[in-house]
Amino acid sequence: MQSNLAHDLRVLGAWAPLRALYELSKQLGVQRIIHRREPDASKVSDPLRYAPKHLPPAPVPPSVASRTLEEAAEIVEGRVWLFGRRLDVGHPPDWHAVLHAPGAWPRHPWWTIDIRSPRRAGDVKWVWELARHRHLVVLARAVHLDPRDARWREALRVQLESWLEANPPGTGVNWYSNLELGLRAVRWAEILALAGAHLPLPLRKQMGVHLRASLKQMLSELPYTLSTMRNNHLVGDLVGMAACARLCGSRRLAQLVDRMLVEFACRFVREDGSSTEDSISYQRFVLEQLCAWTLLTGRRDLVRRSLAIAGWLSRMGALEDPPPPFLGDDDDGRFLVGSPTEREVGSSARLAACLAGSGADVTWRNDGLLGWYVPEGEPANLPDAESAGDRVAPGIARVRVGETVVWLKGGGERSHTHADRCSVHAVVAGRLVSGDPGTGTYNGPAEVRDWFRSSRAHSVLLVEGEDQLVPHRTFRWLYDAQGDVGEPVHLRGGWRIVWGHHSAYLRQRPPREVVRAVTVCETFVVIGDWISGGGRPRWELEVVLPPGVPSSDVGLPDPLPEGWSEPEASHEALWSDRYGSWGPTSSLRLRGWGTGPVAWSVGDGRSLPTLEVCPGGTLVVGRRVELRVAWGATPRLVVTDRRDDLQIVLPIRGEPIRGEASAQS
């Protein structure tokens with residue numbers, strides 16, 4: 001207990017007193033004051049008066065309309081999609097059901113509900129996902145498309161009325177998170193714009209009561225969010241408050257919130273499209289938040305920032321095949337409503353391009369997301385992943401050789417990150433052979449959450465048995481680590497070499513850095529790690545294999561270098577293809593001592609190259625390329641191509657070092 005408290009104080013730093021006061025206020029029930037007196041519904045303005053008038057912006061493409069009506073029919077029967085699964089939740093659903101397991105969340109004041117400790121009812125993400133009302137937007141779209149069919153408007157009315165009755169202001173787990181309140185407000189704005197005229201006036205006014213209560217709660221907790229949640233939560237809260245304020249007729253408050261959002265978003269999202277979110281999924285989530293605000297308000301203040309994120313995703317390969325891996329946390333979070341089975345980020349990038357231009361072309365409008373938000377027109381251009389170069393983002397490299405594509409993540413941010421510095425995601429000839437194992441869960445079993453965040457799960461080197469960051473609680477870490485990727489090396493014959501380094505183990509004595517170099521060819525990928533500091537450090541590496549990839553597809557140096565133990569095959573690793581589900585997969589455990597290189601290869605299993613570890617820390621790949629690391633104030637990768645009698649010396653940043661025998665073919 002004392003150890004956890006000490007770690008909390010260390011991780012929270014200067015914000016620890018504010019967090020302590022916030023937690024104390026929940027125990028004392030201070031939040032009860034916010035919902036002490038809710039207005040009489042009869043005296044509340046009809047939110048339909050203030051609903052956006054421009055949704056949808058144009059006739060919906062027939063293919064999108066057809067898919068919408070098919071999904072609406074499933075919803076009427078009580079079947080909805082959550083985290084890639086079609087669940088029978090009933091009509092109307094139990095809005096407090098745990099969903100992924102038996103049981104229900106208590107209908108108590110939200111600040112008294114436990115969503116974190118081992119005694120919690122379940123993983124709160126499931127009940128929240130249903131309460132985000134994505135499926136109710138689909139019903140509203142069906143009403144808009146086919147208002148004569150009473151099924152759609154009746155189903156929408158029944159579900160909204162059941163929601164309002166089961167979730168009075170301040171009561172239940174669905175009031176726990178401001179982000180959930182804000183996201184629901186945006187969905188209600190869509191519902192009112194599409195089908196509000198078909199809903200009874202008393203129902204709309206009761207929605208107005210909830211919107212006012214949501215706005216009060218978000219405003220009261222804004223200081224906490226501003227100080228300790230300066231990531232997608234703050235963006236989402238502000239977008240939600242902007243929607244609430246508008247639907248409540250509070251124009252001045254809406255304008256104030258708009259200014260706050262624009263100011264924060266322009267700092268949070270950098271010019272290159274990156275942000276403090278160390279997660280592809282959350283980059284998409286932030287992008288959709290900004291697009292949602294643009295669609296609801298008609299303002300263009302954040303179009304440039306949205307297009308920057310879209311460009312970042314495009315450089316990562318969002319519009320290519322294969323698409324980029326879901327690095328970092330991924331809970332399928334979407335701020336806008338598209339296809340329920342979408343598992344990609346390209347549609348969100350295209351949406352931003354459409355909003356920055358004059359609309360979407362005919363092909364793009366058939367996208368389940370774009371068809372409901374943008375008219376026909378000419379979208380803005382997005383950078384092509386292949387022409388963007390190998391270094392696509394700060395700390396991330398992407399290379400393609402034929403049908404083989406590799407992402408190397410050198411560095412990372414703190415928000416929603418995993419301990420994955422220098423991790424490699426590789427697709428060889430269309431087959432995933434090494435990659436990010438997923439997220440699994442947030443509030444499920446702690447050991448599962450920690451596994452998917454750990455260094456061991458990401459096939460990166462552990463030095464002296466330590467994780468790069470060391471998990472602490474559900475979303476925190478004990479340590480931080482910097483890292484980056486270096487200049488890529490292009491060799492003749494289609495060979496490419498990308499490399500990076502990280503500083504996670506500078507906390508050790510002696511301080512140590514790790515450099516990883518990845519040799520990419522059409523049929524294989526070779527990965528090698530070097531450790532600075534000299535001596536005989538103990539290292540461990542668990543090569544986690546995607547389901548279906550046997551350990552026989554992993555190549556090792558022959559003979560094994562001095563200090564290596566015999567590799568051990570294991571089936572104790574975990575893999576998750578989608579949030580909320582996971583299962584075992586195989587891995588190959590390597591252990592030893594020394595500064596490396598620790599080398600292995602993976603590919604199609606038939607044409608793996610020979611690997612040789614030579615004295616002095618040189619790795620020879622396929623009897624052709626020699627790799628070694630020159631340590632100093634800045635690590636340098638030395639690449640020798642025996643075939644072309646060429647030596648290339650590259651620093652971690654910038655151009656090749658002057659004065660050395662260096663060149664780039």
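# Reading strands and helices

Biologist: In what order do the four strands of the open sheet come?

Modeller: The order is β8-β16-β19-β18, and the pairing is antiparallel. β8 (462-463) and β18 (568-578) are the edge strands with a single partner each, so one side of each has no neighbour in the sheet. Two strands pair if DSSP finds at least two bridges between them. Strands are DSSP runs of E with at least two residues, helices are runs of H or I with at least four, and both are numbered from the N terminus.

Biologist: And what am I looking at here?

Modeller: It's a predicted model: local features need pLDDT of at least 70, side-chain atom pairs count only at pLDDT 80 or more, and totals for chains, interfaces and linings use all residues. Residues are numbered from 1 along each chain as its sequence is written, and side-chain values use heavy atoms, with hydrogens and water left out.

Biologist: Over how many bridges do β16 and β19 pair?

Modeller: Strand β16 (residues 538-544) and strand β19 (residues 581-593) pair over seven bridges, in the antiparallel sense. Touching, or contact, means heavy atoms within 4.5 Å.

Biologist: Which residues of α16 are buried?

Modeller: Buried means under 20% relative accessible area, exposed means over 50%, and partly exposed lies in between (1.4 Å probe, protein chains only). In α16, V448, R449, W451, F452 and R453 are buried. Their cover includes β9 (471-472), β10 (476-477), β16, β18 and β19.

Biologist: Which residues of β14 lie on one side and which on the other?

Modeller: First the general idea: in a regular strand the side chains alternate between the two faces of the sheet. In β14 (residues 514-520), V514, R516, V518 and V520 are on one side and V515, A517 and T519 on the other, and all are buried. That makes seven of seven residues.

Biologist: Which strands does β14 pair with?

Modeller: Strand β13 (residues 496-502) pairs with β14 in the antiparallel sense over seven bridges, and I497 stands opposite T519. Strand β15 (residues 524-531) is also joined to β14 by seven bridges and runs antiparallel to it. There, V515 has W530 as its bridge partner. β14 and β15 form a hairpin, with three residues between them.

Biologist: At what angle do α12 and α14 pack?

Modeller: Axes are lines fitted to C-alpha atoms, for helices over the stretch in contact, and angles run from 0 to 180 degrees between N-to-C directions. Helix α12 (residues 280-297) and helix α14 (residues 346-356) pack at about 30 degrees, with their axes 10 Å apart. On the α12 side the contact is made by R284, L287, E288, C291, T294 and L295, and on the α14 side by S348, A349, L351, A352 and L355.

Biologist: What joins the side chains of R350 and D367?

Modeller: A polar contact of 3.0 Å. That term means a pair of N or O atoms within 3.5 Å; within protein, one must be able to donate a hydrogen and the other to accept it, and residues adjacent in sequence count only if both atoms are side-chain atoms. R350 is in α14 and is buried, at 18% relative accessible area.
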